[in-house]
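Let's take a walk through this one together, helix by helix and ring by ring.

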Amino acid sequence: MVVAAHDVTRDYGEGDTIVQALRGVDLEIPPGQFTAVMGPSGSGKSTLMHILAGLDRPTTGSVSIDGQEITAMGDQELTLLRRRHIGFIFQFFNLLPMLTAEENIVLPLRIAGRDAETGWVDEVISKVGLSDRRTHRPAQLSGGQQQRVAIARGLVTRPTVMFADEPTGNLDSTTSEEILVLLREAVESYGQTTVMVTHDARASAMADRILFLADGLIVRDQGRASEQDVLTAMAEVSGQ
Amino acid sequence: MILVALRGLWGRKTRAILTAISIVLGTAMIAGTFVLRDQITGAFDSIFQTGLEKTDVLASKRTAFTSNNGAQPGPLPASLIGTIAHVDGVARAEGQIQAAGALVVNGKYAGSSSGAPSLVVSSLSDAFNPYTFSAGHAPTASGEVVVNSKLADDKHLKVGQHVQLATAIGLKPVTIVGIFNLGTASSIGGATIVGTTFEDAQQWYDRVDQTSTISVKADPGVSQQQLKQRIIAAVPHFVKVQTGPEAAKEQANQVASGINDFLTPLLLAFAGATVFAGAFIIFNTFSITVAQRSREFALLRTIGASRRQVLRSVLIEALVIGLLASLSGIVVGIGFAKLLDTLFDRSGSGLPTSAITLKPLTIWLPLVVGTAVAMLAAIGPAFRATRVPPIAALREGAELPPSWMARHRGLLASLMGAAGLGLLVDGVFDKGGVVHALFGFGSTPSVLISMAGGAILCFLAVAMLSSYVVQPLAEVIGVPLGLLIRLGDWIGTQILRVPGLGRAWYVVRRVVSYVLAFLLFMLLGGMVCGILALISTPLALFGLLVSAALSIYAVFRVWRRTETEWPPERPSPLTSQLARENTARNPARTAVTSSSLMIGVALVVFVAVFVNGFKDSFLGALDNSITSDLIIQSDSFSPIPAEAVPAAQAVPDVQTAAGIQFTDAKINHGGIDTVNGIDPLDFPQLYKFDWQKGGSDALLGHFQGDEALIEEQFAKSHHLQIGQHFQVTSIEGNKLNLKVVGQYKDPVLMTGISIPTSTFDTWTTNSDPGVLLVKFKPGVNLDQGKAQVAAALKQFPVATVRTNSEYKQHTESQVNGFLTFLYVLLAMIGIISLVGIINTLALSVFERTREIGMLRAVGTTRRQLRRMVRYESVITSVIGGLIGVGVGLVFGWILTKGLSDQGIQFSVPVSFIIVVLIVAALAGVLAAILPARRAARLDVLEALQYE
């Protein structure tokens with residue numbers, strides 16, 4: 001298993017004002033799977049992703065990535081983990097504004113002190129369709145193009161798992177479509193395990209597996225579904 | 001990570017430049033100081049080397065020690081010229097007289113104006129004289145003189161002109177027969193030089209059968225060293241024999257160090273303070289930008305950057321800023337030195353300026369200091385950047401948990417403050433005992449290090465602690481400000497009620513603002529033009545035209561703006577309230593912003609308190625001790641010819657006239673001190689002794705021979721009691737055994753010891769009085785008496801006759817002149833703090849973009865926004881000013897208390913402080929101009945969407 005979580009809980013605050021964002025989540029993600037995590041706001045989906053990605057620590061429970069237990073890791077270990085095993089795409093502000101697209105893409109490699117295999121970098125750039133915009137700054141790119149750069153950056157280190165937090169949340173429908181297709185292709189071409197948090201049914205329709213969260217627990221775990229089915233499932237889950 | 005750092009810096013060019021300016025100015029001052037020092041040394045080296053280039057050996061009177069107060073060792077007997085001429089290997093030996101004196105042209109004394117000496121030197125033959133004549137020839141007959149080219153230019157002297165020469169025995173008529181150049185320099189530091197014949201100089205300056213120095217030329221084949229040894233063997237022990245180059249080096253060093261020993265540490269101290277203030281700016285800017293860029297740092301962390309890499313990235317930014325700023329500073333410093341050269345040249349003090357040479361120190365010291373300070377200042381913020389958690393990339397407004405330092409700030413600051421105060425007090429009262437014990441430095445360095453180190457620690461502590469007082473101070477300043485605005489509003493409303501009056505009042509206000517805008521621009525333009533005028537007049541005229549054009553443009557802009565403002569909007573007290581709250585919102589940041597201004601204000605107040613205390617003690621001592629009516633002294637502090645004393649005494653209305661002689665002497669217990677020569681009969685009528693240990697004027701009744709009166713400080717430092725003996729050695733090496741017969745207190749005027757004139761005269765050749773005191777008979781009109789004495793002393797124009805009050809005024813203006821010089825240096829810090837405030841304000845406007853958008857969306861006008869930013873700036877500056885005043889007063893109090901037994905008193909210069917605070921407020925207004933416009937220009941929609 002690439003990602004495994006066991007009995008993960010996450011509480012915020014104490015005493016009377018305690019908020020239980022996650023109340024015991026178990027899951028396992030095999031390699032090459034494109035997983036979508038859905039749920040109404042307040043369901044804990046973002047919190048779950050933060051914990052799985054090592055950005056946050058659970059109150060109780062364990063999480064392992066590629067077989068390594070990460071909940072007890074110190075900052076330096078987590079940093080190394082991020083270099084080798086984890087890729088990120090966010091909803092906003094993915095890129096460093098003063099670097100070109102290409103520089104943004106190879107940044108994780110440079111940080112890790114790894115040499116970029118030129119062939120691989122070129123392929124990733126052409127895969128996301130930005131070969132003619134390598135030298136452009138983020139300010140010169142549209143929202144969709146910026147997200148493509150982010151995807152390319154996520155792919156370039158060939159991480160064990162790529163986490164995406166509402167990657168289409170800030171984009172119009174056409175562009176969202178393009179981005180999702182790209183993510184799907186990455187999974188298929190490179191076997192890139194991907195976990196995506198979203199509230200967009202269309203995005204989930206791209207995934208191999210959809211986890212529904214409500215009130216801090218996984219309430220439904222189903223395979224690939226159409227957009228319509230996802231919407232129906234969401235309505236049912238929210239109703240509960 | 002280097003790429004990230006460098007690119008980031010480039011993307012924020014303007015901000016980086018503003019941040020760097022402080023370092024640029026500080027390093028420019030450091031570099032400029034060293035360039036100036038090397039120029040001065042170089043120039044004097046070349047002057048004296050040129051002067052002695054044809055001289056193989058120089059003989060002069062040996063000195064027993066080096067005097068910083070111009071004590072001269074006296075002449076050699078002229079017979080030695082012949083003795084030396086007969087030494088084997090001597091081709092030629094000539095004597096030369098050097099004395100103090102100057103020409104009187106058309107009744108006006110033509111001495112040097114800048115405190116440099118006025119020299120009369122006898123001419124040497126062409127065998128020794130390296131100087132060229134641009135007109136005429138050397139003096140050959142009695143009554144002929146030559147002058148240096150600068151003197152000729154300044155006073156429009158021509159060959160053939162008949163003038164007078166001020167000599168020791170009165171004015172002598174002379175004719176100018178030549179004008180000469182001193183090699184490359186037009187003068188030696190502004191000194192006037194008049195050349196006479198050897199015999200005339202002997203006659204006129206009390207050197208008959210004597211010579212000041214003997215210049216010797218060697219036969220071909222005899223080396224300078226050889227000749228020197230031979231001559232040493234042939235002359236008595238009191239003759240100092242040096243080769244030409246040795247003598248040139250020694251003389252150059254003496255003159256140069258006289259200037260540099262004072263100027264260089266002073267300028268470096270200011271440079272240091274400037275750099276220190278700059279450190280605050282860098283710290284602040286980096287803190288703010290780190291906070292603003294936390295998402296960037298979080299992003300880097302999510303893609304695998306370690307904390308160390310983030311730290312390095314910030315430090316690299318600081319390194320680059322520091323390096324580039326220091327390099328620019330060096331260039332600016334050189335330009336600055338060049339500017340100073342031109343200023344000195346034009347203002348007539350003619351400090352000689354050799355070509356600018358760059359010694360290694362001038363390059364690497366500013367570089368190291370600037371870069372190190374930049375990096376040190378950025379360390380705190382850099383560590384803060386590392387503590388941004390990766391998750392902050394996903395969430396907005398993630399608050400950084402307070403750092404360890406921030407939590408214990410109070411404790412840390414108090415400890416630092418205590419240590420700083422302790423060091424300061426130790427430096428002042430204990431002569432730096434602690435530093436001396438810890439590091440083994442000598443006495444003076446220990447004192448300086450204690451005081452500087454103590455001051456730095458105190459400033460840091462105050463900066464850290466001031467965040468606690470920001471809120472109360474913001475209230476103290478902001479509330480009256482708000483009230484003032486309400487008052488203005490109320491007045492405005494009342495005026496508006498009266499028909500017609502409102503409009504009229506409005507027009508008046510507009511006109512006043514036009515005039516003010518015009519005047520302000522003309523003033524600024526005028527100042528720049530004034531400086532330009534010293535460089536080139538056409539440039540200044542051009543500048544004047546530009547200022548006039550800018551002023552008219554400014555008036556036009558003000559007109560346009562006010563045109564749309566009728567009826568004027570009512571000012572809202574909300575603006576000032578918001579401003580006050582914004583200032584108090586982040587007390588730590590406000591504190592650091594105001595800190596650099598605080599440093600400048602503290603130093604200004606400290607200087608004012610200290611120098612004024614000094615001035616007051618001097619003037620107070622004059623009032624208390626001097627009972628004469630006139631004080632007569634030379635403006636260049638050279639001695640007055642002894643013949644002036646009987647000339648003054650001969651004036652019928654004069655009751656008593658006596659001179660005070662001054663010279664330096666080496667005390668056998670160690671150290672050099674002043675010896676005063678007084679006339680026991682006349683002096684008590686002119687000066688009131690503050691006797692100690694049971695002494696009285698009766699002691700002067702039989703004051704003679706080897707008796708000495710000692711001043712209180714002298715007694716303390718040499719541990720002498722009444723009845724004990726000690727020994728003093730004159731500059732010529734004459735020893736004198738003295739017995740203490742009395743003790744008095746006067747740490748200002750009559751420091752050291754006092755001995756009878758008769759003893760003084762036989763002991764040293766420096767027997768001309770330094771000051772002449774005159775008392776009139778009862779009932780004599782002061783002005784008439786003064787006119788009579790001035791007429792009697794016309795023969796000795798070097799002596800300036802002043803009444804007591806005139807003398808005090810003269811002293812005051814000199815002290816004030818020096819103070820102004822110090823304030824100009826401190827203005828550098830003022831400029832830096834201004835830049836710092838601008839920087840911080842601009843950044844905080846940027847930070848609050850969304851907030852500002854919201855304010856505009858609910859109806860705040862641009863004008864109100866501008867006002868808000870302006871008030872914030874004023875409150876911040878005044879906070880810095882108030883704290884600075886407090887710190888400056890404390891420093892001043894410590895120092896004056898430490899020197900209280902030398903007569904310095906502590907007084908609070910209230911009106912000065914008020915002026916300083918007003919200037920601080922104005923600085924705040926000035927600093928706010930650009931950020932306020934930025935804030936007002938923000939597009940509402942864009943601002944609201946801003947993330």
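**Helices side by side in chain B**

Start with helix α7 (residues 244-292) of chain B and helix α10 (residues 360-386) of chain B: their axes come within 8 Å and cross at roughly 30 degrees. Keep in mind as you look that this is a predicted model. Angles under 35 degrees count as roughly parallel, so α7(B) and α10(B) are roughly parallel to each other. The crossing of this pair, α7(B) with α10(B), is right-handed. To see who does the touching, colour Val275(B), Ala279(B), Ile282(B), Phe283(B), Phe286(B), Ser287(B) and Val290(B) on the α7(B) side. Across from them, α10(B) brings Val369(B), Val373(B), Ala374(B), Ala377(B), Ala378(B), Pro381(B), Arg384(B) and Ala385(B).

Now stay on α10(B) and look for another partner, α2(B). The two pack at an angle of about 160 degrees, with their axes 9 Å apart. An angle over 145 degrees counts as roughly antiparallel, and α2(B) and α10(B) are therefore roughly antiparallel to each other. Here, too, the crossing is right-handed, as α2(B) passes α10(B). From α2(B), the residues in contact are Ile23(B), Thr27(B), Ile30(B), Ala31(B), Phe34(B), Val35(B), Arg37(B) and Asp38(B). They meet Leu361(B), Thr362(B), Leu365(B), Pro366(B), Val369(B), Gly370(B) and Val373(B) in α10(B).

Zoom in on Arg15(B) for a moment. Where does its charge sit? Arg15(B) lies over the face of Phe846(B), at 5.5 Å from the ring centre. A lysine does something of the kind in chain B: the charged end of Lys13(B) sits over the ring of Trp10(B), 4.0 Å from its centre.

**Rings that find each other**

On to aromatic pairs. A search of the whole structure finds 21 of them over all chains. One is Phe689(B) with Tyr744(B), an edge-to-face pair at 5.2 Å centre to centre, with 80 degrees between the planes. This pair links distant parts of the chain, 55 residues apart: Phe689(B) is in the loop between α20 (683-686) and β19 (691-692) of chain B, while Tyr744(B) is in strand β22 (residues 735-744) of chain B. Both Phe689(B) and Tyr744(B) are buried.

For a stacked pair, look at Tyr823(B) and Phe912(B), at 5.6 Å centre to centre and with 20 degrees between the planes. It also links distant parts of the chain, with Tyr823(B) in helix α24 (residues 804-847) of chain B and Phe912(B) in helix α27 (residues 910-937) of chain B, 89 residues apart.

**Stepping back, then one stop in chain A**

Zoom out to take in chain B, with its 28 helices and 25 strands. Its C-alpha trace spans about 100 × 70 × 60 Å along the principal axes. Of the 947 residues of chain B, 51% count as buried. Among contacts in chain B with a separation of 6 or more, residues 24 or more positions apart account for 82%.

Finally, hop over to chain A and find Leu155(A), in helix α5 (residues 143-156) of chain A. With 2% relative accessibility, Leu155(A) counts as buried. Leaving aside residues up to four places away in sequence, Leu155(A) touches Trp120(A), Val124(A), Met162(A), Ala186(A), Tyr190(A) and Gln192(A).

Key
Residues numbered from 1 in each chain as written. Chains lettered and ligands numbered in written order. Predicted model: local features only at pLDDT ≥ 70, side-chain atom pairs only at ≥ 80, totals over all residues. Heavy atoms only, no water. Phe/Tyr/Trp six-rings, centres within 6.5 Å; stacked < 30°, edge-to-face > 60°. Helix = DSSP H or I, 4+ residues; strand = E, 2+ residues; numbered from the N terminus. Buried < 20%, exposed > 50% of the residue type's maximum accessible area, 1.4 Å probe, protein only. Lys NZ or Arg CZ within 6 Å of the ring centre and 35° of its normal. Axes fitted to C-alpha atoms, helices over the stretch in contact; angles between N-to-C directions. Parallel < 35°, antiparallel > 145°, perpendicular 65-115°, else oblique. Left-handed = near helix turned anticlockwise from the far one by under 90°. Contact = heavy atoms within 4.5 Å.
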